[in-house]
Amino acid sequence: MIEPIRHKLSTKTIILASSSPRRRQILQNIKFPFEVVPSMFEENLDKVSFDKPYDYVQETAYRKAIEVFKRLQKETRQPDLVIGADTVVTMDNIIFEKPRDEEHAFQMLSRLSGRCHTVYTGVTLIKPSVKNPETFDVKRFHEATDVYMPHHSSDVIKMYVETGEPMDKAGGYGIQERGGTLVERVSGDYFNVMGFPLHRFCKELLDFL
């Protein structure tokens, strides 16, 4: 989908403002040129101040991206494009991010068991303005995917948590790893559940550039 602009992308300094190995893997798989500069934004926004979960992830993604963009500008490393992203799992209007510890992961997965939940990923693209390089242009969007998880016994959930896999993943599971065995089906973009809506990103990137 990005083949028409691939030659242009190869000449640009593109930054992924995320340390997520899943996002890195997704972009590497399509031979997308980028380097990783993790954001220093603390991700401490008050969730209850946002009307919808997707408002929260979009704002978090923006804060991640703009922190890296401005930091690199100060270091006289003007990036051509910065990509920020944030992913949360939601159900009953409750936001589930990464678990604090194993007990928290167990509680999360027990609540998701036997239910349908929604994964939201917010993405922000930032580039220097053509009219004024000292300012910048921004594109923000989000993607939603519904995930159906059948009922699992406490023993199954406990044994999965003990693998350690849930600890760095929103909602406490990784669909691309062992956590995929907990999921019956998805409705929407599978890559979005991994943490990055690949098709939507390519579409928005084409429009943005």
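The second largest pocket is lined by I94, I95, F96, E97, K98, R100, H104, Q107, M108 and R111. A pocket here is an open set of points on a 1 Å grid over the protein atoms alone, where a 1.4 Å probe fits, with protein on both sides within 12 Å along at least five of seven lines; lining residues have an atom within 4 Å of a point. Two elements give two or more residues to this lining, β4 (94–96) and α4 (102–112), and α4 gives the most, with 4 residues. Helices (H or I, at least four residues) and strands (E, at least two) are DSSP runs, numbered from the N terminus. The space in this second pocket is about 150 Å³, a volume being the space filled by probe spheres set on the points, with grid points joined across faces, edges and corners.

A word on the model itself: it is predicted, so local features need pLDDT of at least 70 and side-chain atom pairs count only at pLDDT 80 or more, while totals for chains, interfaces and linings use all residues. Residues are numbered from 1 along each chain as its sequence is written, and side-chain values use heavy atoms, with hydrogens and water left out.

Now let us turn to the largest pocket, with a volume of about 530 Å³. Of its 28 lining residues, S20, R22, R23, K98 and D168 are the closest to its centre. At least two lining residues come from each of α2 (21–29), β3 (81–91) and α6 (190–194).

What does β3 pair with? Strands pair if DSSP finds at least two bridges between them. Strand β1 (residues 14–16) runs parallel to β3, joined by 3 bridges, and I14 stands opposite L81. Strand β5 (residues 115–128) is antiparallel to β3 over 9 bridges, with T87 opposite T121. β4 also pairs with β3 in the antiparallel sense, over 3 bridges, and M91 stands opposite I94. The β3–β4 hairpin has 2 residues between its strands, and D92 in the turn has a positive phi of about 55°.
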